[in-house]
Amino acid sequence: MMPPFVCEVVRVHDGDGPLWCRTGEKIRVAGIQAPDFTSAEPCHRPAARRAAYTCDDVAAERARLIVSRLTLNRRLTCQPVGTSYKRIVARCTLPDGRSLSCAAIAAGAAVRWDRYWRQYHMGECR
């Protein structure tokens with residue numbers, strides 16, 4: 001397992017990433033699924049595979065703004081748990097100690113993606 005690292009977030013694409021770190025890493029937030037922008041990735045996935053998956057520009061922008069407010073110009077502590085599309089999949093902790101994944105869910109930016117939540121041993125949200 002890779003060691004934890006600090007990411008000062010300088011850009012947010014959408015509610016589940018990528019988040020761009022000042023040092024160049026791109027993070028996919030572990031265990032969650034947020035709406036995608038339709039122009040970035042058309043919805044061709046069967047609903048049965050990803051029931052929570054949506055492509056909706058309004059919802060995607062809302063999720064991006066929520067996660068931006070949580071992370072932009074802040075230092076997150078991130079534990080890598082895998083890779084996806086040249087991004088680091090990571091469990092990240094906000095400066096106040098909360099899980100970024102749980103905070104995004106609580107704020108309505110994303111939903112728990114059970115398959116990956118279990119795979120990445122995300123634990124319970126408080």
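Visitor: To start, which residue does a disulfide join to Cys7?

Guide: A disulfide, that is a pair of cysteine sulfur atoms within 2.5 Å, joins Cys7 to Cys21, with an S to S distance of 2.1 Å. Please keep in mind that this is a predicted model, in which local features need pLDDT of at least 70, side-chain atom pairs count only at pLDDT 80 or more, and totals for chains, interfaces and linings use all residues. Residues are numbered from 1 along each chain as its sequence is written, and side-chain values use heavy atoms, with hydrogens and water left out.

Visitor: Is that disulfide of Cys7 and Cys21 left-handed or right-handed, and why?

Guide: The torsion about the S-S bond is about -105°, so the disulfide of Cys7 and Cys21 is left-handed. Cys7 belongs to strand β1 (residues 5–12) and Cys21 to strand β2 (residues 19–21), so the link ties together parts that are 14 residues apart in sequence. Strands (E, at least two residues) and helices (H or I, at least four) are DSSP runs, numbered from the N terminus.

Visitor: And Cys7, buried or exposed?

Guide: Cys7 counts as buried, at 0% relative accessibility, where buried means under 20% relative accessible area, exposed over 50% and partly exposed in between, with a 1.4 Å probe and protein chains only. Cys21 is buried as well, at 3%.

Visitor: How many disulfides does the count come to?

Guide: By that distance rule, the count comes to three disulfides. Another of them joins Cys78 to Cys92, with 2.2 Å from S to S, and its 110° about the S-S bond makes for a right-handed link. This pair connects distant parts of the chain, since Cys78 sits in strand β5 (residues 75–84) and Cys92 in strand β6 (residues 87–93), 14 residues apart. Both cysteines are buried.

Visitor: What about Cys102, where's its partner?

Guide: Cys102 lies in helix α2 (residues 100–106), while its partner Cys125 is 23 residues away, in the segment after α3 (114–119). Their sulfur atoms are 2.0 Å apart, and the torsion about the S-S bond is about -80°, so this disulfide is left-handed. Cys102 counts as buried at 14% relative accessibility, whereas Cys125, at 36%, counts as partly exposed.

Visitor: Switching topic, where does Arg115 lie?

Guide: Arg115 lies in helix α3 and is exposed, with a relative accessible area of 52%.
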